[in-house]
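Visitor: I am new to this structure and would like to know what lies behind the words used for it. Could you show it to me first?

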Amino acid sequence: MDADPLRANGVDPEHARLLAQVAGELPPILVNKATMSVIDGMHRLRAAQLNGVSTLAVRFFQGSDADALQLAVSANVTHGLPLSLADRRAAVRRLIRAEPRLADRAVATIAGLAPATVAAIRADVQDGAEITERIGRDGRVRPLSTAEGRRVAGEVIARQPQTPLREVARAAGISVGTARDVRSRVRAGRDPVPAGQAARSGRLVNRPARAVTGYPPATAVPADTGVLLEGLRRDPSLRYSEAGRHFLQFLGTRVVEPGQLREAARELPPHCAIVVARIARECARTWMGMAEALDREAEHAGRG
């Protein structure tokens, strides 16, 4: 039996034989460059051995062992010979042990199981271990208690009431649904943090609700597009898909910092200013339309 770290029964001989009969070159296998272990492609490797092939196309992965494990499980759930239910459950145990902070929904997405199933496995694996933060499906780290995030969101909303919920959620490290609840509470003049949650976070429960007028005056808080773009580049759902990589490449060539624009404008001949201004306005209108559509989509997902 050929070893396969994700499959209790190892490499399936029949599936390897079927791949060996495929005409043409098979897709490259994925290998962890640090350990030279196969992340995805054990059956393709066995098929090449059956055909007496001495060389094989390889894509190398560079990252942590936990990231490599997540990639391996995700790849073997979504294509090729899918992992069995037992193998997926075993993979969940390994994922949780490798990165206990991974949220149930994030693990469920990787392993192709229901979040409730992941939660039940986690209860057995972690055995009451205390985790203070979680990593969501978007790759962001958030505290399990959203009390502090709610306070940050409350201040953002009070200063800038028209800020889209998606931006509020991003700034505060909370979900869009939580940001929506905070907005409702702030508009009603109530504390952004429910009393029970405030007690759990070590704050006073019976303090009076902070009125909206008590927040600092409105100030412009520009987003650091470089930091935001780098966060997207680290998102596994984009890094490890062809469509995701194409989008990152597309976005990377279209994100500019204010300083870059000012520098470029200095070299602009005066007679071109009006035309460039019109182009800038049309681009801004297009981006704003996209931003509003994405905000609506995020809000709809938060309600779902």
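Guide: What follows goes through some of the terms, each with the value behind it.

Visitor: What makes up the secondary structure of the protein?
Guide: The model is a predicted one. The protein has 15 helices and 5 strands. Of its 304 residues, 32% count as buried.

Visitor: How do you know how confident the predictor is in the protein?
Guide: The mean pLDDT is 78, and 82% of the residues reach 70 or more. Over residues 202-222 the pLDDT is below 50, although this stretch has 32 contacts in the model beyond near neighbours in sequence. Where pLDDT is low, predicted coordinates should not be read in detail.

Visitor: Why is the pair of Phe 247 and Phe 250 called tilted?
Guide: The count of aromatic pairs comes to 1. The ring centres of Phe 247 and Phe 250 are 6.3 Å apart, and their planes stand at 35°. A pair needs centres within 6.5 Å, and planes under 30 degrees apart count as stacked, over 60 as edge-to-face and the rest as tilted. The angle of 35° therefore makes this pair tilted.

Visitor: Where do Phe 247 and Phe 250 lie?
Guide: Both are in helix α13 (residues 242-252), 3 residues apart, about one turn of the helix. An α-helix has 3.6 residues a turn, so residues three or four places apart point the same way.

Visitor: Are Phe 247 and Phe 250 buried or exposed?
Guide: Buried means under 20% relative accessible area, and exposed means over 50%. Phe 247 has 33% and Phe 250 has 38%, so each is called partly exposed.

Visitor: What makes you say that a charge sits over the ring of Phe 60?
Guide: The charged end of Lys 33 is 5.8 Å from the centre of that ring. The distance cut-off is 6 Å, and the charge must also be within 35 degrees of the ring normal. Lys 33 is counted as sitting over the ring of Phe 60.

Visitor: What makes α7 mostly covered?
Guide: In α7, 10 of the 13 residues are buried. Among them are Gly 149, Val 156 and Ile 157. The buried residues of α4 include Ala 91, Val 92 and Leu 95.

Visitor: Which residues is Arg 183 in contact with, leaving aside its neighbours within four places in sequence?
Guide: Arg 183 is in contact with Ile 157 and Leu 165. Arg 183 belongs to helix α9 (residues 176-187) and is one of its buried residues. Its C-alpha atom is separated by 8.3 Å from that of Pro 161, 22 residues apart along the chain.

Visitor: Why do β1 and β2 count as paired?
Guide: Pairing needs at least two bridges. Strand β1 (residues 29-32) and strand β2 (residues 37-40) have 3 bridges, in the antiparallel sense, so they count as paired. Val 31 stands opposite Val 38 in β2. The hairpin has 4 residues between the strands, and Met 36 takes a positive phi near 60° there.

Key:
Residues are numbered from 1 along each chain as its sequence is written. This is a predicted model: local features need pLDDT of at least 70, side-chain atom pairs count only at pLDDT 80 or more; totals for chains, interfaces and linings use all residues. Side-chain values use heavy atoms; hydrogens and water are left out. Rings of Phe, Tyr and Trp (its six-membered ring) pair if their centres lie within 6.5 Å; planes under 30 degrees apart count as stacked, over 60 as edge-to-face and the rest as tilted. Helices (H or I, at least four residues) and strands (E, at least two) are DSSP runs, numbered from the N terminus. Buried means under 20% relative accessible area, exposed over 50%, partly exposed in between (1.4 Å probe, protein chains only). pLDDT is the predictor's confidence in each residue, from 0 to 100. Contact means heavy atoms within 4.5 Å.
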